[in-house]
Amino acid sequence: MAAVSTTDLASADKLETHKTRQARIYGFVLIGLAALVAIVFALESAGEATFRLSHPRDTWVVPNLVVPAAPFNFLAAAVLALLGVRQFMRGGSKWSMISIAAGCAIAVAAFLVWATAGKSFSLTGMLSATVVAAVPIALGGLAGVLSERVAVVNIAIEGMLLAGAFTGALMGSLLGGWGGLLCAVIVGGMFGFILAALVVTYRMDQIIAGVVINLFVLGVTSYVSSQVFSEYRALNNAPVFRAWKIPFLGDIPVIGSVLFNQNLFVYGAVILVCVATYYLFHTRYGLRARSVGEHPRAADTLGINVYSTRYINVTLAGMVAGFGGAWFTLGSVGRFDENMTGGLGYIGLAAMIFGRWHPVGALMAALIFGFADSLQQKLAIVRTPIPSEFLAMAPYIATIVVVAGFVGRSRPPAADGKPYVKE
Amino acid sequence: MDVELRGITKRFGPVTANDDVNLTIRAGEVLGLLGENGAGKSTMMNILSGLYSPDEGQILIDGKPVDFEGPGDGIAAGIGMVHQHFMLVPVFTVAENVILGVEPTGRFDYLDLATARKQVRDINEKYGLQVDPDALIEDLPVGIQQRVEILKVLFRSAEVLILDEPTAVLTPQEVEEFFGIVKSLRDAGKAIVFITHKLHEIIEIADRINVLRGGRITGEGDPKTLTENQLAEMMVGRPVSFDVKKGPFDPKETLLEVKNLVVLRENDEIAVNHASFHVRSGEVVGIAGVQGNGQSALIEAVTGLHHVTAGSISFLGKDITNASARERHRMGMAHIPEDRHKSGMISNFTIYENMVLNTYYDDRFSNGPNIKWPEVLKTAAQYAIDFDVRTPSVYLKAGNLSGGNQQKMVVARELERETKLVIAAQPTRGLDVGSIEYIHSRLMDARDEGDGVIIVSSELDEIMSLSDRILVMFEGRIVAEFDATAGPVDKNAVGLAMAGAHE
Amino acid sequence: MTDTSNRDTLTAKLLQRAAPGRAEFEDLVIVPIFAVIVALIVGALVMLATAVDIQTIGRSYLALLQGSVGSINSLSETLTSAIPLVLAGLGLALGFRAGLFNIGAEGQIIVGGIAAVIVGFSFPGMPWIIHLPLALLAGAVAGGLYASIAGWLRAATGAHEVISTIMLNLISYRLLDYMLGLTWMQREGRSDPVSKSVVPSAELPRLLTDIDPNLRLHAGIFVMIGAVILVYWLLFKTKTGFEFRASGENPDAARYAGMRASLIIVLAMATAGALAGLAGANQVLGVLERATPGFSAGIGFDAISVALLGRSHPIGVLFAGLLFGALEAGGRQMQVDAGVSIDLIGIIQALIIVFIAAPLLVRAIFPWGFRKPAERKE
């Protein structure tokens, strides 16, 4: 309704709008990063950083990327400083977000160069690990998107992942990989259904319901694994889905091994994200689901059954999370360990927020978290001056930063977290 | 299509919302349904649209009894309802809102928005509604949103349209336009039920009037022969005077001075645009305007609840632009918030806790870190008596009170202390006539005792009857000022200003 | 009747408190009892499903009973387990009352425990009257500061405390691993990650060693009782508590009433964290006498259940903590006697919460236990 453009008004009046304040904060962040890169990374970088881009056995071998460490980092610092100053001078433009994103990427690159200076490091290996690490986060995030789009807050993703992992291992050992996967999806869906029942029918607080499901799943899986698995090891020895190289595409240097030489779960995650996007934004039932998340009473007056829509979508979310959970066992080690999801479900939730409640956004956010995770694992091997425990904190700190920095700017479905009581 | 309600009774626990109601709705006719808040109008219409099912009684369509089990059934039978609070998804487009629930689809359940747009345009042309199918609802003014609601029911080929308090958010000019649409619908053979508590509107638009009070039909009549006073008596059950008693206008020193106030919303949209005004002791300043034109942000800025981007506010001669809400409160600023459920009270707290919600820290009620609960209880009981809050006990949860009593509780809390300026936002929204009269008289008492009073209301009639001076807000600016002490203000002129037709 | 006397009778009437209704009794007594019974039945079903025979199930529940209240040793164990649960549970309850869903008690326990242990081993020779309170205080302050991070993030940026506290938990595990590897922290002559032992002047003294030197009940129980009283007073008798509860119930109304939301959030988180930190200090000063990896042992998560079960009321938390402490202590006995994994207790605890938090569910299962709820209007 505002016919008056704020930008005009602001320039005439020197008003401090939220945008200009935000731009100033970004400016500070960028200049801080520049200082960090210049003082810590650039001054302490010696020699060259070697990034391996391909494996000697690859179809096409690409030469290594060799970066002179100190010059690169001074350059990076200069670019960061430039971006920061630009934020102060011309803040509030649409470039703010791009600047801060580019700035973060440059800072990460500088950090990598500093850490690898004088050594060599498999970049392709790390990117490939990024994609793998992103899978459970992306699927967790997608499960969050599906249920929060119908306004059910899903803290239970962690429990659903754990249930999927457990079922995958148990049933995978009995029925083989595919059978295990199917059962994991079903059990995940079952917990989705239970969550829906608790919050929709029994009107339990959504966060409490989620936390309780997490506690319950943790209890059951830990109990069975110590009561049963410790005795019958054969029940916890499932086959693992191996990587399957897509012909031709898998041979492309760098990209091929990162994207097209992965296992079922990576491809599955991408397909599910596409299907979910189509479902939510281009189909009748997606439109109805979103209306239930935004304005359930309006949907109700139009004859859309709010309760069953929530049941169905939250159950679907559980199935997606069950599939994601199976990754931990069937997609990686084939064996279940107590609490093996280790909080990734919550990181999935953060990915959902960062991805603005959109499946594709959640996938992208998951890749960033996956990057943080694989980075710390690979760097622990290279040996950096930073203690490995601190590197291991990286994904968690990244999660906090992301949630703190972006939650204010993204808008959850309007009815998110609110129970709907029919009149 | 004709619809008949026979002996409809609906109870919610101990409350009987509808008691043996009989009603006939005919095609090509506007049926006016008059009743004050809480009379059972909405319940009845929700039964008719299938949202509620009646405990007793029958609905007949063209003489045949029907049985609705959900809102879908009402729509399927050709009964469409335009709710008082719009049932639109703000982040969807017009077309998406219109087709929701009856979507045209292609293969793989693909949402066929192209067809939807075309269908929306067709209806647009047929009834002269003029709505852009691709506009986002949240970007549309309320008047247009209402047309989207009408589009929705027409899209479902409704033959009976129920309009629940449709004019509440419109300017007088928009009301005229809206009546034009209603008439064209009636002439196209639709049956219209027009629900309102505004007497002059029902006389203007209705072909037949039914009056509802306490869940029963208490009167029927012909708008051509009935007078407003007769209708009012049928509606309330006793003679009603529309005049508010107030003392002679005798303004004294300036209490509040707002200069060039600019307030921005979270998304940097401008909410209040260089507003300047003042309030003097002993005068009532009414702020009129269509909902969403910056009145709420203005009040929040004045009461210290919203960040001020530019400009200044001074109160009792002191600059308070950056003072906290509590400081202003202590200086004698009272605030009756526009949404009592959201921000005026805590439903889960007891009445006595709500009575000291913003004075608990005062020396009267606290001693060091401790709250003196016995003192609080005693005071709360006195407030309840003074302000006619009807409750069995002050230990009751505030959420259990009726709307009128809740509002009286809030008003009691705000006025029962040394006040200099009373800011009342939508002070009577959704209340019954008795409570409205009571709250109006207390506000006027405050004025006569020398307080300044600001009243913000979307009910233009309320503003007109209470104010000594009327300010009109449009798109964040104060676009007009009317002096009501000299003589009656031209309602039409105020309406034009509300629509932005100034200068 | 004169006007004033009329007014006086009216006042007296308004000040009368309705007798607690049947609904309240159902909520406070019947629902929890049903919850515990159903949880135990489901627990038995879980055991059946994992091929535990009926006899063993009977034996394990018997062991559960004996191990929790069957002897003075069991009672001592129950109380010892209950102390940290009640302390952390009080913190969480306080947060819930203020509308903050703090999942971070685990991390706050760890950080508080680390701080208490450092103070506990760093000042040998200090008199206990100073040393012990100092160590407890260090735990409380560290836990409070750690929790304030999440509070500050919520207040300043709107980051939801559920996610940030969970991340802070995960960070605290790594921090503990790191700290236990530092040379000044590690026990002399040991390469495994165990901290130095707390010197006796900072230990919470054991109370029942005169009866049996193995009884572990320690002076932390006084800390616990003190905390219950303190939280009760804070929540229901003070201005700060009023502000906490008001912002928890309706943050908008609290803001309109001139309360400062950010300050309240940070303050509530800090208090909650301090109580959790105190729980951590209790564990290291009263039970373990050192910090080890994973010394928090999931107390922070059990405390969530305790707070929920206790309806976020200090007295309720006390009873819930005692119940969970009993389950804990009995569960250990059960594992020894019947060979049933103690993880079963986790399942039972989760189920209790399900039934507590969804009274409608309990009503649906046991319709005959309750009065029919009247249909409510809108």
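The legends below describe close-up views of a predicted model.

**View 1. A nonpolar surface patch on chain C.** In this view, C:F25, C:L28, C:V29, C:I33, C:I37, C:I41, C:L45, C:L48 and C:I54 together make a nonpolar surface patch of about 850 Å². Helix 2 of chain C, which spans residues 22–49, supplies the largest share of the patch, with 8 residues.

**View 2. The largest nonpolar core and the surroundings of B:V472.** The largest nonpolar core holds 323 residues, and of these B:V472 and C:L285 touch the most other members. Helix 8 of chain A, residues 206–229, contributes the largest share of this core, namely 13 residues. When residues up to four places away in sequence are not counted, B:V472 touches B:A288, B:R477, B:I478, B:V479, B:A480, B:F482, B:V494, B:A497 and B:M498.

**View 3. C:S148 in helix 6 of chain C.** The serine C:S148 is found in helix 6 of chain C, which covers residues 128–157. With a relative accessibility of 15%, C:S148 counts as buried, because the cut-off for this class is under 20%. Leaving aside residues up to four places away in sequence, C:S148 touches C:V266 and C:A270.

View 4. Strand 19 of chain B, residues 421–425, is mostly covered, and 5 of its 5 residues are buried. In a regular strand the side chains alternate between the two faces of the sheet. Here B:L421, B:I423 and B:A425 point one way from strand 19 of chain B, while B:V422 and B:A424 point the other way, and all are buried. Strand 16 of chain B, residues 333–336, runs parallel to strand 19 of chain B and is joined to it by 4 bridges, and B:H335 has B:I423 in strand 19 of chain B as its bridge partner. Strand 19 of chain B also pairs in the parallel sense with strand 20 of chain B, residues 452–456, over 5 bridges, and the bridge partner of B:A425 in strand 20 of chain B is B:V456.

View 5. Over all chains, a search of the whole structure finds 39 salt bridges. One of them is formed by B:D109 and A:R284, whose closest N and O atoms are 2.9 Å apart. B:D109 lies in the loop between helix 3 (94–99) and helix 4 (113–127) of chain B, whereas A:R284 lies in helix 11 (residues 284–294) of chain A, so the pair joins two chains. B:D109 is buried, at a relative accessible area of 17%, whereas A:R284 counts as partly exposed at 22% relative accessibility.

**View 6. Salt bridges within chain B.** The closest N and O atoms of the salt bridge between B:D134 and B:R117 are 2.6 Å apart. B:D134 lies in the loop between helix 4 and helix 5 (142–155) of chain B and B:R117 in helix 4 of chain B, so this pair ties together parts that are 17 residues apart in sequence. B:D134 is partly exposed, with a relative accessible area of 38%, and B:R117 counts as partly exposed at 27% relative accessibility. B:R280 forms a salt bridge with B:E283, with 3.2 Å between the closest N and O atoms; B:R280 counts as partly exposed at 22% relative accessibility, whereas B:E283 counts as buried at 0%. A network of salt bridges links B:K246, B:R447, B:D448 and B:D468.

Methods: Residues are numbered from 1 along each chain as its sequence is written. Chains are lettered from A and ligands numbered from 1 in the order in which they are written. This is a predicted model: local features need pLDDT of at least 70, side-chain atom pairs count only at pLDDT 80 or more; totals for chains, interfaces and linings use all residues. Side-chain values use heavy atoms; hydrogens and water are left out. Patches are made of residues with over 30% relative accessible area and no salt bridge: like charges are joined within 9 Å, nonpolar side chains (Val, Leu, Ile, Met, Phe, Trp, Tyr) within 5 Å. Accessible areas come from the Shrake-Rupley method with a 1.4 Å probe; for residues, only the protein chains shown count as cover. A salt bridge is a side-chain nitrogen of Lys or Arg within 4 Å of a carboxyl oxygen of Asp or Glu. A nonpolar core is a set of buried Ala, Val, Leu, Ile, Met, Phe, Trp, Tyr and Cys residues joined through side-chain atoms within 4.5 Å. Buried means under 20% relative accessible area, exposed over 50%, partly exposed in between (1.4 Å probe, protein chains only). Contact means heavy atoms within 4.5 Å. Two strands pair if DSSP finds at least two bridges between them.
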